[in-house]
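Visitor: Please take a close look at one part of this model for me. I would like the surface first, then whatever links to it.

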Amino acid sequence: MRPALEIREFFHRYQQKLQLSFSSAEVGLEREIKLSRQAGDTFEAVDYFNVIRTSSVVVVGYQETRYINKLSQDEQRKLLRTLFQGPVSTVIMSQGNHMPESMIQQCEDHNISVFQSTLSDSELIDNSRYLLSHVLAEHTDEHGVYIEIYSLGVFLTGESGVGKSELALALITRGHRLISDDITRFSRLSPDLIEGHSPSLLSDFMEVRGLGIVNIRAMFGANVLKKNKALRLIVKMVQFTSDNSTQFDRIGNSPQTRNILGLDIPEVTLPVAPGRNLAVLVEAAARNYLLNINGYNAAEEFIKRQNQAIRENERTL
């Protein structure tokens with residue numbers, strides 16, 4: 001089911017931020033703003049007036065107003081009839097731009113509300129897209145601890161009791177920042193961006209076995225907390241046993257990923273055993289990821305060096 005936002009709630013939430021007022025009667029408040037990225041059914045939540053690529057929220061700006069005013073009343077009616085064949089839920093006119101009263105009445109007749117904004121064309125489009133991108137984004141809740149390490153969003157996951165919260169606490173004491181504990185909500189804001197944040201009920205709190213619920217803000221201050229962050233790396237914590245000792249990548253040339261909301265995120269499997277400094281290892285994983293995205297791969301460099309040594313040794317034989 002695609003996320004949606006009723007016009008009634010849209011106006012209530014964003015009336016001040018988008019500086020909205022009704023130009024039509026208060027109709028169509030139950031209509032829903034949606035977006036779609038499905039093949040064959042793609043449309044944006046907000047876009048300029050366009051009868052070919054219709055959006056859910058239609059913005060009438062300077063260029064659209066100029067075009068509309070050149071049309072006869074009959075052509076204006078035909079234009080709106082074509083527009084209404086798409087997923088239109090509301091129409092917003094930007095600062096200084098107005099549709100004729102006959103077109104506003106036609107919108108009312110089709111149960112579509114019309115708003116006037118005092119924002120300019122670009123401000124209205126940019127602000128609306130930004131606000132709705134968070135509300136309408138696909139999202140999922142994942143069990144784990146989300147933390148910012150070296151400006152990267154790193155998700156610590158693993159079975160219950162493996163030590164995720166304890167590891168996060170150690171990382172916090174080393175200067176990194178907590179985003180969420182236990183449950184993290186991830187939202188896909190764009191084709192290549194997934195952002196994670198904490199549900200409001202759990203914000204600031206962490207459960208640590210033996211200590212119970214602790215308030216991270218009260219203990220360490222607001223600077224160790226982060227509201228949200230783009231997801232870049234997943235660290236999967238696995239209890240190290242004799243049964244799985246041979247399953248872990250010893251060189252690092254077999255990268256793993258995990259699919260979240262249709263996007264493949266790099267994943268590192270971290271064996272958990274007594275005596276291992278997990279905080280240092282997670283920091284190393286984050287640093288190694290930064291090297292990888294900048295074009296350096298230690299495993300490839302090591303293999304290249306070994307191959308070079310083998311070739312040189314063969315020449316001496």
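Guide: Phe-302 is partly exposed, at 43% relative accessible area. This is a predicted model. Phe-302 belongs to helix α9, residues 298–316. Together with Ile-251 and Ile-303, Phe-302 makes up a nonpolar surface patch. The accessible area of the three comes to about 260 Å².

Now the domains. The assignment for the chain gives domain 1 as 4–136 and domain 2 as 139–303. Their centres, taken over C-alpha atoms, are 41 Å apart.

Next, a buried position. Thr-184 sits in strand β14, residues 183–190. Thr-184 has 0% relative accessibility, so it counts as buried. Its side chain makes a polar contact with the side chain of Ser-180, at 2.4 Å. Beyond neighbours within four places in sequence, the contacts of Thr-184 include Thr-140, Asp-141, Glu-142 and Gly-144. Tyr-146, Phe-155, Gly-196 and His-197 are also among them.

Helix α6 covers residues 164–173 and is mostly covered. Seven of its ten residues are buried. Among them are Leu-167, Ala-168, Leu-169, Leu-171 and Ile-172. Lys-164 and Ser-165 are buried too. Just after α6, Gly-175 adopts a positive phi of about 100 degrees.

Then the charged pairs. The whole structure holds 14 salt bridges. One of them joins Glu-9 to Arg-13, with the closest N and O atoms 2.9 Å apart. Glu-9 and Arg-13 are four residues apart in helix α1, residues 7–14, so about one helical turn separates them. An α-helix has 3.6 residues a turn, so residues three or four places apart point the same way. Glu-9 is partly exposed, at 31%. Arg-13 is partly exposed as well, at 42%.

Helix α3, residues 73–83, holds another such pair. Lys-78 and Asp-74 meet in a salt bridge, at 3.6 Å from N to O. They are four residues apart, which means a separation of about one helical turn. Lys-78 has a relative accessible area of 47% and is partly exposed. Asp-74 is partly exposed at 37%. Elsewhere, salt bridges with shared partners link Glu-148, Arg-177, Lys-226 and Lys-229 into one network.

One more pair: the side chains of Glu-32 and Lys-34 form a salt bridge, at 3.8 Å from N to O. Glu-32 is partly exposed, with 38% relative accessibility. Lys-34 is partly exposed, with 28%.

Definitions and conventions: Residues numbered from 1 in each chain as written. Predicted model: local features only at pLDDT ≥ 70, side-chain atom pairs only at ≥ 80, totals over all residues. Heavy atoms only, no water. Patch = residues over 30% accessible without salt bridge, like charges linked within 9 Å, V, L, I, M, F, W, Y side chains within 5 Å. Areas by Shrake-Rupley, 256 points an atom, 1.4 Å probe, with all protein chains shown as cover. Salt bridge = Lys/Arg side-chain N within 4 Å of Asp/Glu carboxyl O. Helix = DSSP H or I, 4+ residues; strand = E, 2+ residues; numbered from the N terminus. Buried < 20%, exposed > 50% of the residue type's maximum accessible area, 1.4 Å probe, protein only. Domains from an automatic or database assignment. Polar contact = N/O pair within 3.5 Å; in protein donor to acceptor, adjacent residues only side chain to side chain. Contact = heavy atoms within 4.5 Å.
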